[in-house]
Amino acid sequence: MKDAYAALTEKLSYPDSQRLTKVLRRLMDEEEAEIVASLPCSVSDLAQKLGKSEETINERLDGLFGKGVVFMTSKGYQVARDLIQLHDATGGDIRLDEIWGRELLDLWEDFCQAEWYPDMGRKAQTQEVPTWRVIPAREAISEGVKLLPAEDLEVVLNKASKFAVVHCPCRRIAERCDLPVEVCLQLNRAAEYAIGRGTGKELTREEAMGILDLSEEAGLIHSAPNRSEVGGVVCNCCTDCCVLYYGLIKYGELERGVAKSRFQAEVDKTTCNGCQVCIERCPFEAIEMVKISGEKKLKAQIDSEKCFGCGICAVKCDPGAIKLVEVRSPEYIPV
């Protein structure tokens, strides 16, 4: 029988990765790894296959669920469907710090830097459609601007029935910024999972909206899967720590992996007071100060190629000189 850890690294698309093996060994012992590598499988079949009692198998599966290694589905326990799910479920669990300190987080960071990020850059080169998408900040949207349901976070939250917030695994693992950490919104089934595991704090709809407001004020980018339905998660990301933004930027493939919003920032230079707050806040380095004829102060100018339409600059523009304007059609967001 193939070594259980080797079977799992292969399942996670990193066969023979010694760094990922170290992550897995920290998360589960050999007995647990054998159970996980045998999934999907009924408890009775697992007990027979591995020579354990069903009680032992159930105890182990419950423990693995608590650690974020396996997930309950309608067909029973299943191993993480991909690396992102395993990374997020284990890296975002602050309870594990009491057991391992930073050891697990450091193992994740080592794997990310050495293998995951460069691989992410290579794979992005062949992507036809980005898997992730920027959602514009609510405070940056001018009155009267028509938003689609997939980019209107108030609509998204109004359609949801369950809400939870979890700690951002990316910022916990990377620790490259000091922005808020407890800001990853989980909706519906994802929220039920986080609450059931004990890693998520249940929120009211109003509290969930408050997380969005806090994130915009702090300078975090609303992000979600690039499709016309936002049903499970709304991430509030930074480009310093997020596995997707950071990894894709590092290897020059951001636009292939993350779709811009349908909007772009635009500056009214007669209103701009040259304070440069927007430059400090822009996560994509898409703003520069330029000399305007007849003006003493430098004024902000947007680089349309670099702007991702997140609106973070506009949120803190006190004179209201920056607005988001629609530059892409509704068909831009894939069904």
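**Entry 1. H6 and H8**

I started with helix H6 (residues 83-91) and helix H8 (residues 103-124) in this predicted model. I found their axes 11 Å apart, packed at an angle of about 155°. I noted the crossing of H6 and H8 as left-handed.

Next I looked up which residues make the contact. From H6 I listed Leu 83, Ile 84, Leu 86, His 87, Thr 90 and Gly 91. From H8 I listed Leu 104, Leu 105, Trp 108, Phe 111 and Trp 116. Sorted by class, the contact of H6 with H8 has 8 nonpolar and 3 polar residues, and no charged ones.

**Entry 2. H1 and H3**

I then turned to helix H1 (residues 4-11) and helix H3 (residues 30-37), whose axes come within 8 Å and cross at roughly 45°. H1 and H3 are therefore oblique to each other. The crossing of H1 and H3 is left-handed.

On the H1 side I recorded Ala 4, Tyr 5, Ala 7 and Leu 8. On the H3 side I recorded Glu 30, Ala 33, Glu 34, Val 36 and Ala 37. I looked up how the contact of H1 with H3 divides by class: 7 residues are nonpolar, none is polar and 2 are charged.

**Entry 3. Thr 21**

I checked Thr 21, which lies in helix H2 (residues 18-27).

I traced an open sheet of 7 strands and wrote down the order E6-E4-E5-E8-E7-E3-E9. Its pairing is mixed. The edge strands are strand E6 (201-202) and strand E9 (258-259), each of which pairs on one side only.

I looked up what packs on the sheet. Helix H11 (residues 189-197) touches strand E4 (163-166), strand E5 (184-187) and E6. The direction of H11 makes about 110° with that of E5. Helix H13 (residues 243-250) lies across E3, E7, E8 and E9. I noted that H13 runs at about 110° to E3.

**Entry 4. Strand E7**

I went back to strand E7 (residues 221-225) for its pairing and burial. How many bridges join strand E3 (residues 132-135) to E7? I found 4, and E3 and E7 run antiparallel. Among the pairs I noted Val 134, whose bridge partner in E7 is Ser 223.

E7 also pairs with strand E8 (residues 233-237), over 3 bridges and in the antiparallel sense. His 222 has Asn 236 as its bridge partner in E8. I also found Ile 221 opposite Cys 237 in E8.

Last, I looked up the burial of E7: 5 of the 5 residues of E7 are buried, so the strand is largely enclosed by the rest of the structure.

Methods. Residues are numbered from 1 along each chain as its sequence is written. This is a predicted model: local features need pLDDT of at least 70, side-chain atom pairs count only at pLDDT 80 or more; totals for chains, interfaces and linings use all residues. Side-chain values use heavy atoms; hydrogens and water are left out. Axes are lines fitted to C-alpha atoms, for helices over the stretch in contact, and angles run from 0 to 180 degrees between N-to-C directions. Helices (H or I, at least four residues) and strands (E, at least two) are DSSP runs, numbered from the N terminus. Angles under 35 degrees count as roughly parallel, over 145 as roughly antiparallel, 65 to 115 as roughly perpendicular and the rest as oblique. A crossing is left-handed if the near helix is turned anticlockwise from the far one by less than a right angle, and right-handed if clockwise. Contact means heavy atoms within 4.5 Å. Ala, Val, Leu, Ile, Met, Phe, Trp, Tyr, Cys and Pro count as nonpolar, Asp, Glu, Lys and Arg as charged, and the others, Gly among them, as polar. Buried means under 20% relative accessible area, exposed over 50%, partly exposed in between (1.4 Å probe, protein chains only). Two strands pair if DSSP finds at least two bridges between them.
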